Amino acid sequence: MASVKIRNVEKSYGSLKVIHGVDIDVEDHEFVVLVGPSGCGKSTLLRMIAGLETISGGDILIGDKVVNDIPPRDRDIAMVFQNYALYPHMSIFDNMGFSLKLRKRPRSEIEEKVLEAADILNLRPYLGRSPGQLSGGQRQRVAMGRALVRDARVFLFDEPLSNLDAKLRVVMRTEIKALHQRLQTTSVYVTHDQIEAMTMADRIVVMNAGRVEQIGAPLDLYDSPANLFVAGFLGSPSMNFIKGRFRRDGGRAHVFCDDGTALPVPAVSDAANDQPVVVGIRPEHLCLAKDGAGVAATVDVVEPTGANIELFVELAGERVCAVFGERHPFRPGEKIALTWKLEKVHLFDSNSGDRI
Amino acid sequence: MPTKLKKSLIYWAFLSPLVVIILFPFAVMFVTAVRPRDELFVYPPRWGFSEFRWGNFAEMWVKTNFGEALFNSLYVSVLSTVLALVLSIPAAYALSRYRFRGKGAYRTFLLMTQMMSPIVLVLGLFRLMVAFGMVDNLNSLVLTYAAFNMAFTIWMLQSYFSTIPRDLEEAAWIDGASHLNSLIRIFLPLAVPAMAVTAIFSFINGWNEFVLALTMIRSSDDFTLPVQIYSQVAGRYQVEWHHVMAGTVLATVPVAIVFSWLQKYLIRGMALGAVK
Ligand SMILES: Nc1ncnc2c1ncn2[C@@H]1O[C@H](COP(=O)(O)OP(=O)(O)OP(=O)(O)O)[C@@H](O)[C@H]1O
Ligand SMILES: [Mg+2]
């Protein structure tokens, strides 16, 4: 096993630059998830680690050795592809044993390793079949198995669950995490699904348009996002944003919206009076106010999800989402008042988008 | 089910004129090939005949030196097919996998060569072969047939190669395969159906080719089947039609049967190659 270091890496296709100087350190044994919207360059970065794309600038190190010019087969990595890339003309057994066969390992060792991996992944009954005869979930596990038999130093995953249905995705998510806890192989996992990122990662790298927005442990990113992009990307339903101007009076502070509504916010010292800011509040941090306190809101839409009630209200001229655990009988058009704890409020600079 | 039967009956009714047009020459060929010599020219022409003479085939085989011509045809068709494939596979692979300067121009060039009839070039090719000292040599046909087929085989292979996902080769590289290894163990096995189709195409072209064979080959020992059969008709006082027809039956029917049988496996092969 080994660490992976990405040093100021860039990638251009002709004159089109798609990765703009990325720095990431993946520790030994760590499970790092690259997450970001479609087209932000996650796959490109992963493929550069694998050696399937050339590197236009910077260095990639696997285990303290620069691998920029080392071909994929000598990097000692394993990769699980989005569409699995199983060899259609080989049996499942041969698919999983292919890498060992290429390394000219004895038949008995290949058999032992493949059977071991097959047992971990419950693939024993299918070893004689061809990939075309398996379901999507089974194929996914074969792709995992192909990586497992290798004892590779680094595992790379490119959206391995995106072709599965929602239920199976949750099951496989847990299985992959359990597998990592057991094997401790350094892993880089690409997804555009923020829930996958939150649940699986030791650390998350949030990417946007070829740049890293923030790196950190899932809950750190969730609790203190560095900017508007990260704040809006992580969490479902996503964070509410309300624009206004910051105003301090004494020990307290408010943000005044265009329609005159005053939102209580923490009196942070870095914000200047009248500075245009964006207030960010997560839906689960909104509570119903009692006794005429709080900020007025009008109920728009009520969406019960079973575990919670998702409530969309009009607050200060914006549509805001709130999540309640208790079953309150809301009706559309109803006037309510919302409140929140000051320490749960995030303030962002309107112009730069950075956290204040 | 009865509606399905009705449907297929209707389809066959529509197809039948075509079937008749295709089968008529074979029927004439066959009934001429097996009748006695003195029943060849009767008026009005009849389908029936008094005696079934399989012996015509044996006579023809000896008299027209059929065995040697058959060997020549096989030699030229097989070798030109192998040569065309060996050269087309790398070209098609490069076209489907790599970006390089002049790729578009190369493709257009391949298409343009298909717009020219070989007959237009026959004189030039003959002089070329004279310069190479290869006139009256079967290898001159191997070269020219391979060259004429390559534009088509490259085009055909390339379009099939493009349907084989790149991921598979990339997965093989990561598994530890060299480029050559992944080509041999992963890519080519998946490309077998396309290679078989192009091989059949190229083989049949070589098998049926006439003009170039007539031009390049002088001595009757080196005649290919079409030229040999033609030589039984052209410039003779007396044409032994039953032998000519026996020759054409032997030259066409076995090949047709073999390939229609192979086609079954080809379709199965294509279905196997499917990735999802
Ligand atoms: N061969 C190529 N030539 C030119 N541009 C490319 C090429 N491959 C990728 N790109 C561009 O690079 C950018 C990043 O692509 P990449 O595949 O890494 O996105 P991604 O983050 O994996 O997205 P997704 O979540 O949709 O898979 C995209 O804007 C894409 O258009
Ligand atoms: Mg991608």
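Reader: Okay, which residue in E4(A) stands opposite A:Val4?
Author: A:Ile62 is the one across from A:Val4. Keep in mind that this is a predicted model. The two strands involved are E1 (residues 4-13) and E4 (residues 57-62) of chain A, which run antiparallel and are joined by five bridges.

Reader: What's the strand order in the sheet with E1 and E4 of chain A?
Author: The order is E2-E1-E4-E5, an open sheet of four strands with antiparallel pairing. Strand E2 (16-26) and strand E5 (65-66) of chain A each have a single partner strand, so one side of each has no neighbour in the sheet.

Reader: Zooming out, how is chain A divided up?
Author: There's domain 1 (4-225) and domain 2 (240-349). Their C-alpha centres are 40 Å apart. The C-alpha atoms of chain A fill a box of roughly 80 × 45 × 35 Å along the principal axes. Secondary structure in chain A comes to eight helices and 20 strands, and 50% of its 356 residues count as buried.

Reader: And how much of the contact in chain A comes from residues 24 or more positions apart?
Author: If you take contacts with a separation of 6 or more, 64% of them are between residues 24 or more positions apart.

Reader: Back to sheets. What's the order in the six-stranded one in chain A?
Author: That one goes E6-E7-E8-E3-E9-E10, and it's an open sheet with mixed pairing. E6 and strand E10 (211-216) of chain A are its edge strands, each pairing on one side only. From one strand to the next, the twist averages 15°.

Reader: How do E3 and E9 of chain A run, parallel or antiparallel?
Author: Parallel: four bridges join strand E3 (residues 31-35) to strand E9 (residues 203-208) in chain A. As one example, A:Val33 has A:Ile204 in E9(A) as its bridge partner.

Reader: Which strands does H4(A) lie across?
Author: H4(A) lies across E6 and strand E7 (154-158) of chain A, at about 175° to E6(A).

Reader: Switching to the interface. How many residues are in contact between chain A and chain B?
Author: 25 residues of chain A contact 21 residues of chain B. In chain A, A:Arg73, A:Pro88 and A:Leu102 lose the most area to chain B, together 27% of what that side buries. The two chains bury about 2,000 Å² between them, with 63% of it on carbon and sulfur atoms.

Reader: What about charges, how many salt bridges cross the interface of chain A and chain B?
Author: The rule finds two. B:Glu170 and A:Arg47 meet through their side chains in a salt bridge, with 2.8 Å from N to O.

Reader: And B:Glu170 in H7(B), is that buried or exposed?
Author: Buried, and B:Trp173 and B:Ile174 are also among the buried residues of H7(B). Helix H7 (residues 166-175) of chain B is mostly covered, with nine of its ten residues buried.

Reader: What do the buried residues of H7(B) pack against?
Author: In chain A they pack against H1, strand E6 (77-80), helix H2 (92-102) and helix H4 (136-148), and in chain B against helix H3 (66-97) and helix H8 (179-208). Just after H7(B) comes B:Gly176, with a positive phi of about 115°.

Reader: One last thing, what does B:Asn56 touch?
Author: B:Asn56 touches B:Ala33, B:Val34, B:Arg35, B:His242 and B:His243, leaving out residues up to four places away in sequence. B:Asn56 lies in helix H2 (residues 55-63) of chain B and is buried, at a relative accessible area of 1%.

Terms used
Residues are numbered from 1 along each chain as its sequence is written. Chains are lettered from A and ligands numbered from 1 in the order in which they are written. This is a predicted model: local features need pLDDT of at least 70, side-chain atom pairs count only at pLDDT 80 or more; totals for chains, interfaces and linings use all residues. Side-chain values use heavy atoms; hydrogens and water are left out. Domain bounds come from an automatic or database domain assignment. Two strands pair if DSSP finds at least two bridges between them. Buried means under 20% relative accessible area, exposed over 50%, partly exposed in between (1.4 Å probe, protein chains only). Contact means heavy atoms within 4.5 Å. Buried area is the accessible area (1.4 Å probe) that two parts lose on being put together, summed over both. A salt bridge is a side-chain nitrogen of Lys or Arg within 4 Å of a carboxyl oxygen of Asp or Glu. Axes are lines fitted to C-alpha atoms, for helices over the stretch in contact, and angles run from 0 to 180 degrees between N-to-C directions.
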